[in-house]
Amino acid sequence: MKILSIETSCDETAVSIVEASGGLESPSFSILGNAIFSQIETHKQYGGVFPMLAKREHAKKLPILLKEVLEQAKMYDNSNISNIVEWGEIENILKREDGLFTDFKDLTEKIVKPDIDVISVTSGPGLEPALWVGISFATALGKIWGIPVIPANHMEGHIASVLTSGSSHIQFPAVALLISGGHTEIVEIQKWGEYKIIGQTLDDAVGEAFDKVARLLGLPYPGGPEISKIAENARNNQVGKIAKLPRPMINSNNYNFSFSGLKTAVLYYIRDHFNSKSESMSENEKADLARDFEDAVVEVLLKKVKSFLDNNNVKTLIIAGGVIANTKIRESFTELVKKYHDLDLKIPTKELSTDNSVMIAFASYLKCLAFPEIINENSKIIANGNLKLK
Ligand code: KG4
Ligand code: ZN
């Protein structure tokens, strides 16, 4: 099955073409085309993602990325005008600033579809104006080409991101720690498509805390990689440890998290020691604080996951979401699983850790296998900013 997948839930516009085969036990994937455009430069000046700008950028970039992946997959053939008839025409129609790609009636007869069987598109969670752009683009293409369009849950995409291209096998029961800019949750998975959230953040998500702490330290958006870089410097250069931040909810008797207090502790630390001016902190002082923040996050994540592993029969530990791009967190969990026999750790490559559309294709393929009826459902796809895993 060849899947065209589209992801526009936040500030990455991503389109890919993935060929999938095999059953639920051992799915196999080959990435035929993959294009991603990061809007970071657009949003940097605001210190965070601006939904209406994100929407506009997605609408501009989607047709361009689509052409790119069709070319990569050798499905876009300039010499064969009947393949994607008059690209300029389809591009003009699809590239609408309002993000509503609906004006395609006269194209339906002209366009011969490429060798794609199904389109999958993220329908949530995320920023609704941004999600709608992807959904209407996907719906328009589905109509033009006469193929099904199926919705995908972005967080299910992150879970599926641990499946590498080639074939990969996940043993159940599994537990997933999802750590992204909008989510921090521990999810029990008995089989594909069956999720139970057993713990989550009561306030800020981990990635959000990274981003906010970076801002307090005067570092650019997105803050995660910046914090990680200077924390690493503190470790390598053996900068003395002074800052001592709290480890929120580390001893609570549940699998929930809270990160907003940790961010506030950083705020107070800068207020009390540097008169609330991060500019007056030396590089070493910033690095020390970033390291202690990162250590606090790691300790809390490890403790919760460890306690779940100690109390449950788990065959696979999945860690996914943008924050798993963090080297310290990757290393700490790799170390932790060594203590457990027969526990398989699955983390995505760094490339598939942060938002991308390959993971959306992976998740959709598994969904088609687990629930084949969705292919024929053909119901209107609705953006849902708060879509939950279930
Ligand atoms: O999954 P993702 O790309 O988007 C969401 O679904 O939210 O995650 C983005 C989050 C951002 O908060 C970003 O700062 C964080 O992942 N992040 C990192 C690192 N790389 C990205 N956090 C810590 N260390 C990193 N290296
Ligand atoms: Zn994400």
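The model is predicted, so local features need pLDDT of at least 70 and side-chain atom pairs count only at pLDDT 80 or more, while totals for chains, interfaces and linings use all residues. Residues are numbered from 1 along each chain as its sequence is written, chains are lettered from A and ligands numbered from 1 in the order in which they are written, and side-chain values use heavy atoms, with hydrogens and water left out.

H154 belongs to helix α5 (residues 154-160), whereas D355 sits in the loop between α11 (350-353) and α12 (358-370), 201 residues apart. Helices are DSSP runs of H or I with at least four residues, numbered from the N terminus. H154 is buried, with a relative accessible area of 6%, and D355 is buried at 14%. Buried means under 20% relative accessible area, exposed over 50%, and partly exposed in between (1.4 Å probe, protein chains only).

I turn to ligand 1. A polar side-chain atom of H158 lies 3.0 Å from an oxygen atom of ligand 1, and a polar backbone atom of G322 lies 2.9 Å from an oxygen atom of the ligand. Of the 550 Å² of accessible area that ligand 1 has on its own, the protein covers 88%; such areas come from the Shrake-Rupley method with a 1.4 Å probe.

How many disulfides does the structure hold? There are zero, a disulfide being a pair of cysteine sulfur atoms within 2.5 Å. C10 is partly exposed at 23% relative accessibility, and C368 is buried at 7%.

Finally, the aromatic rings. The whole structure contains eight aromatic pairs. Rings of Phe, Tyr and Trp (its six-membered ring) pair if their centres lie within 6.5 Å; planes under 30 degrees apart count as stacked, over 60 as edge-to-face and the rest as tilted. F210 and F293 have ring centres 5.0 Å apart and planes at 80 degrees, so this pair is edge-to-face. F210 lies in helix α6 (residues 206-216) and F293 in helix α9 (residues 283-311), 83 residues apart. F29, F362 and Y365 form one aromatic cluster.

Terms used: Helices (H or I, at least four residues) and strands (E, at least two) are DSSP runs, numbered from the N terminus. A polar contact is a pair of N or O atoms within 3.5 Å; within protein, one must be able to donate a hydrogen and the other to accept it, and residues adjacent in sequence count only if both atoms are side-chain atoms.
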